[in-house]
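Dear colleague,

I am passing on the structure below, together with some notes on what was found in it. Please read the notes with the structure open beside them.

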Amino acid sequence: MKVKVTEQGVVIPKDFLKGVEEVEIRKENNIIFVIVTNQTDPIFEMGMNPVNCGVSDASEKLDNYIYGSVE
């Protein structure tokens, strides 16, 4: 797709940005990057919906339960 550069710059079609709240625009050499920045990292969602599994020390010994390691 080619677009004309106006006095204000260029317009990115809204279809390209469906569900996007924020982008980072960066220029390196002669390349302009538009990078979506609002995607969440799944690691930050860990523990958002905890379940009761009958283990009282899961937060202290998480690695032991996940990887089966022994202290």
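The notes below go from the whole chain to one residue.

This is a predicted model, in which local features need pLDDT of at least 70 and side-chain atom pairs count only at pLDDT 80 or more, while totals for chains, interfaces and linings use all residues. Residues are numbered from 1 along each chain as its sequence is written, and side-chain values use heavy atoms, with hydrogens and water left out.

The protein has two strands and one helix, in the order β-β-α from the N terminus; these are DSSP runs, with at least four residues (H or I) for a helix and at least two (E) for a strand.

Along its principal axes, the C-alpha trace spans about 60 × 25 × 20 Å. The radius of gyration is 22 Å, whereas a compact globule of 71 residues would have one near 11 Å; the value is taken over C-alpha atoms, and the globule rule is 2.2 Å times the number of residues to the power 0.38. Of the contacts (heavy atoms within 4.5 Å) between residues at least 6 apart in sequence, 0% join residues at least 24 apart.

Buried residues make up 1% of the 71 residues, where buried means under 20% relative accessible area with a 1.4 Å probe, counting protein chains only. Asp 57, in the loop between strand S2 (31-36) and helix H1 (62-67), counts as buried because its relative accessibility is 19%.

Best regards

Methods. Buried < 20%, exposed > 50% of the residue type's maximum accessible area, 1.4 Å probe, protein only.
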